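Morning, everyone. I have one structure to show, and I will keep it short. Let me put it on the screen.

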Amino acid sequence: MLEAYGIAIATLFQPLNLLVMLVAILIGLIVGIIPGIGGGTMVVILLPFIFRMPPEVALILLVSLHAVVFTSGGITSILLNMPGESFSAATLLDGFPMTKKGEGGRAIGAAVTSSMAGGIVPVFLALAMVPLVMPIIMAFGQPEMAMLVLLGISFMAALTGGSVIKGLISGAAGVLLSLVGYHFVTGVHRFSFGTTFLYDGIELIPLLLGLFGIAEIFHLVMRGETAIAQKAVVKLSGVAEGMKDVWRHKWLWFRSTIIGYIVGIIPGVGAGVATWVSYGQAKQTSKHPEKFGTGVVEGVIAPEAADNAKEAGSLLTTMALGIPGSAIMALFMAAFLMVGVEPGPGMLAEHLPLALTLLLGIALANIIGGIICLFAAPQLVRVASAHLDFLFPVILIAALIGVYVATPSPLNFVMILVFGIFGLVMRRHGYSRPALILGFVLGGLLENYSLLSIKIYGPFFLFRPISLTLLVIMILLLLYPQLKRGISGLRGRLSGT
Amino acid sequence: MKLKGSFWVALLFLALGLFGIIQSLTFGYWESMMLPLGISIIIFILAAVEVAREFKRRGEKGTAAATEATAKDSEHKAENRRLGLIFGWAAGFCLAIYLLGFYISTPLFAFAYLKWRRRSWMVAVVFAIALLAFSYLVFAVGLKVPLYKGLIFGAH
């Protein structure tokens, strides 16, 4: 084992590999900042180029790129209220309000530090905890997965602040939208109105960019505002303050990192749920939960830590079990096979040094990427104080190019505008756009897992011990505000008598 | 009694739920029907609760709220006018991309928009060229992603 560690470190620090890593980090940071061009799109674009590369070089390239996309993606969420990926959406709930309050630098400092540290620690957890987590993974069958998806969506519903009902409606609408198109089990076309464009369903990128990016820019112009942030802080001191915030909230960061890591390990669910579950626990355990969504730094620290933390867990599951921990990990599986490495239970035995190289690569890429982001942050913060006359064309063009690159059909331009208006309506009337996105991302999984559960275990699959536990947690979570109000009311009455 | 936008949005979700239920019943197989039907029923019930709450809320506020709403009407009208204009620009740009492609419509849109916002000729031209150069260098040169060339100039 120690020998494998030695080989991994030596491989990682070879000049060529370090150079490849540096290039990948720069690409990853740029890709993360540009809204709509997610890490997944970039991995897909790079796949054809890795064929002739040695496995360790090719995989270091992809892993390093992917590792830092989340770090810089948080910056876009914070400054422009446009998540690069659905997973970054949790960050914008408090990150963007912080920018509006003139605390963009602080939010970036907190996000980058939390994300960077959140990406490093789980690597060592992954290396140490392999024997412990495997039995947990193996205990999760389809019913438990279905319940875990529902739990993730319920967390979102509970986070909408004002109304749990509106949150649930949004999450359910997201699931319904995810069901549009061809049903692979029966071949039925659902909600496609006979148009071939909708046969493959609604694409995520137009939905994401429409609901957040376009809706936000519509909102700003509609309100007659001239800039996203009138007094964006362009000082390194703001960034340093954000870094200190992570230390001040170290236990929150640690909890979020552990949550991200554990959720990341669970195959097929980790990507979307980690950030929201983490944000949820930050809000639920906070002394001032009512301030979440108005620009509190804890709301940035928690999702950013979980966002990056899940990657080590996700990669570990992909390599050890051959089960992709997320949609991007499915692309990584293709990359593994393309360079002649077969992920699965045999990989840790046959390619242990390579597996360790990749895990350590995530940690190193996070350190380098994080340092670059922190030094470039004051320049990045300037984006927020640009006049809306210039930002509107830039954001619109970036969004439309992003949509076209991800889904090359001009009809998606119509979709992005429709979702832009829909997002604006949701924003104005207190419906949760993140809940809708999460429902959309996890809707397909929910259907697969619930169908398989019914076929294998019958209609009473919910009553398996872990499923039942998750169900109870979900109900308690949804009823928590009422329970809390009831308990404090009872206390008030008791103290009064 | 004038009803707020929130009421109509809740009603929209109610209609979505109802539409989902009716459509789901036509899918034939229980496998295709189960989740859409279940989710549509959930949306329908929750939206009905929300509609009822909005209706009740409006009734409770009564005439005082109605007076306040009238005062806000002119503000809303101005906002809606701005939204209409900006949506028009966005839709026009999408149409331009569809017909002319990214490389022509990007500088054209940036220039026209800035001129409409009463920016100087110099600023509008420099910004339009910079935006085109950035898009071209990042996507066509850097990422080797061919951008859409439009219906007129040979869609890619």
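Where in chain B is Ala52(B) placed? Ala52(B) sits in helix α2 of chain B. Keep in mind throughout that this is a predicted model.

Next, is Ala52(B) buried or exposed? It is exposed, because 11 other C-beta atoms lie within 10 Å, and the cut-off for exposed is 12 or fewer.

Now the contact between the chains. Chain B puts in 49 residues and chain A puts in 41 residues. On the chain B side, four helices each supply at least two residues: α1, residues 5-24; α2, residues 30-100; α3, residues 102-116; and α4, residues 121-142. Which of them gives the most? That is α2(B), with 23 residues. Sorted by class, the side of chain B that touches chain A has 34 nonpolar residues, nine polar and six charged.

Then chain A on its own. Its secondary structure amounts to 20 helices and two strands. The chain has 497 residues, and 58% of them are buried. As for contacts within chain A, take the ones between residues at least 6 apart in sequence: 80% of these join residues at least 24 apart.

To go back to where I started: α2 of chain B holds Ala52(B), and α2(B) is also the helix that gives the most residues to the side touching chain A. That is what I had.

Key: Residues are numbered from 1 along each chain as its sequence is written. Chains are lettered from A and ligands numbered from 1 in the order in which they are written. This is a predicted model: local features need pLDDT of at least 70, side-chain atom pairs count only at pLDDT 80 or more; totals for chains, interfaces and linings use all residues. Two residues are in contact if their C-beta atoms, placed from the backbone, lie within 7 Å. Ala, Val, Leu, Ile, Met, Phe, Trp, Tyr, Cys and Pro count as nonpolar, Asp, Glu, Lys and Arg as charged, and the others, Gly among them, as polar. A residue is buried if 20 or more other C-beta atoms lie within 10 Å of its own, exposed if 12 or fewer, and partly exposed in between; C-beta atoms are placed from the backbone.
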